[in-house]
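Here is a short note for a colleague opening this structure for the first time. Please read the points with the view at hand.

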Amino acid sequence: MVKDFFRSLFKKLKFNPFAKKGHVKLGLYGPPNGGKSTLANRVCQDWLGEEMFSSVSHIAHETREIKIKEQVSIKNKKGKEITFSLVDTPGIATKIDYEDFLKKGIKKEDAKKRAKEATKGVIDAIKWLDNMDAVVVVLDGTIDPYSQVNITIMGNLQARNIPVLVAVNKVDLKKASPDVVKTAFPQYEVVGISAKYGKGMEEFYEQLFTLVK
């Protein structure tokens, strides 16, 4: 309790002696089914040799709880190393309707439970923004980026002055267009990737060194 009191006090004073120097929290944010969990698994597989245990699905809101992988260290070509906690967050949505899950073949009770958990997940993800040192916004490159959800996410990040990298996922698909995303959000660096197949990951990691200074 005493520790929590001082943590709160130091946060107000913008000083946190409990934070590990050189170690940051890197959050993966974005709408459902953009590929956040696939990217989290890819990063952990590349640098830890194991997945993050984040399950993926074609049905939205598969990730409904915050998942954290501590002590992820990556190196660039110059031998520089950064270490961070990778935080995989539930997909942000402005509307979650259990009937949408029914259409995917999920039973009614399970659909209601999934909708309830997904709604809580959205709230938790937004709360966690205050703990993030940097954020990677993961967008499905085949979908129009000018959505209410995307604009809401970007607005929240910009208001908090959190460093952002936009990862345009699924560039292995013909419909994907990173250039459209660059036009939509010119204030941020944008990198095209295929988290599923590993395409563009080398540039992605290089961009992380710029993001997490």
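The points below go from the whole chain to single residues.

1. The model is predicted. What does the chain contain in the way of helices and strands? The count is seven helices and six strands. Along the sequence they follow the pattern α-β-α-β-β-α-α-β-α-β-α-β-α.

2. The chain has 213 residues, and 42% of them are buried. Its accessible surface is about 12,200 Å². Carbon and sulfur atoms account for 52% of that surface.

3. Of the contacts between residues at least 6 apart in sequence, 69% join residues at least 24 apart.

4. Strand 5, residues 164–169, and strand 6, residues 189–192, run parallel and are joined by four bridges. Within this pairing, Ala167 stands opposite Val191 of strand 6.

5. Lys69 is a residue to look at on its own. It belongs to strand 2, which covers residues 67–75. Is Lys69 buried or exposed? Its relative accessibility is 13%, and because the cut-off for buried is under 20%, Lys69 counts as buried.

6. Which side chain does the side chain of Lys69 meet in a polar contact? The partner is the side chain of Glu50, at 2.8 Å. Taken together, Lys69 is a buried residue of strand 2 whose side chain has a polar contact with that of Glu50.

Technical notes. Residues numbered from 1 in each chain as written. Predicted model: local features only at pLDDT ≥ 70, side-chain atom pairs only at ≥ 80, totals over all residues. Heavy atoms only, no water. Helix = DSSP H or I, 4+ residues; strand = E, 2+ residues; numbered from the N terminus. Buried < 20%, exposed > 50% of the residue type's maximum accessible area, 1.4 Å probe, protein only. Contact = heavy atoms within 4.5 Å. Areas by Shrake-Rupley, 256 points an atom, 1.4 Å probe, with all protein chains shown as cover. Polar contact = N/O pair within 3.5 Å; in protein donor to acceptor, adjacent residues only side chain to side chain. Pairing = 2+ DSSP bridges.
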